[in-house]
Amino acid sequence: MRHKATVLVPALLLGLTACQSTGGSGREPVPGASAGAPVTATGIGDTADIGGARFGEHLRVLLRGFVDPAVATGKAPRPAAGHRWVGVELNLANVGGTAHESPLGRTWVVDDRGERHPAVRSGELTTGFPLKVRTLPVGEHADGWLVFEVPFGSRAVGLDCTVGGERRSWRL
């Protein structure tokens with residue numbers, strides 16, 4: 001069964017930003033290669049499997065697209081002064097044996113300056129609906145866009161996603 005991501009998102013996005021605070025800018029340097037789990041670099045159109053923190057949790061994440069800039073429709077929030085939004089379109093599939101809680105616990109866009117920028121709330125974009133998932137049942141899919149605030153003058157070059165201690169990266 002395929003869903004257009006209809007579950008509420010506030011807890012997910014709060015989790016995305018809350019555990020990534022760097023004290024002011026919301027940005028943080030990209031950790032070195034020796035700083036943890038292996039990093040697998042893939043590109044747009046590629047799928048990566050990511051294990052969860054609990055036994056039986058397993059997500060298959062497909063990076064479907066990338067837009068720069070991402071443009072909100074209607075009366076959605078707007079980026080901060082001096083920043084623009086970039087968006088990544090993801091397809092999540094729970095291929096494990098248990099429901100997956102907050103499927104994208106920590107997700108960032110990496111810019112060409114080596115800084116990571118956390119996901120922000122966006123509302124609907126001209127390219128589609130935001131990814132709204134809190135719990136993903138076994139065998140279910142969710143599609144949507146995650147939005148990141150990036151300063152003008154920098155270029156988004158990658159997407160980092162950490163779930164259950166496993167980190168995967170995509171080139172943009």
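This is a predicted model: local features need pLDDT of at least 70, side-chain atom pairs count only at pLDDT 80 or more; totals for chains, interfaces and linings use all residues.

Trainee: Which residues have the most contacts inside the largest nonpolar core?
Mentor: A nonpolar core is a set of buried Ala, Val, Leu, Ile, Met, Phe, Trp, Tyr and Cys residues joined through side-chain atoms within 4.5 Å. Buried means under 20% relative accessible area, with a 1.4 Å probe and protein chains only. Here the largest core holds 23 residues, and Leu90, Phe148, Leu159 and Trp170 have the most contacts inside it. At least two residues each come from β4 (47-51), β5 (58-67), β6 (83-94), β11 (141-151) and β12 (156-163). A second, separate core has 8 residues, including Ala72, Trp85, Trp145 and Val147.

Trainee: How many helices and strands does the protein chain have?
Mentor: Both are DSSP runs, numbered from the N terminus: helices are H or I, at least four residues, and strands are E, at least two. This protein chain has 1 helix and 13 strands.

Trainee: What does Phe148 touch?
Mentor: Contact means heavy atoms within 4.5 Å. Leaving aside residues up to four places away in sequence, Phe148 touches Val88, Trp108, His117 and Leu159, among others.

Trainee: What lies over the face of Trp108?
Mentor: A charge sits over a ring if NZ of Lys or CZ of Arg is within 6 Å of the ring centre and within 35 degrees of the ring normal. Here it is Arg116, at 3.7 Å from the ring centre.

Technical notes:
Residues are numbered from 1 along each chain as its sequence is written. Side-chain values use heavy atoms; hydrogens and water are left out. Buried means under 20% relative accessible area, exposed over 50%, partly exposed in between (1.4 Å probe, protein chains only).
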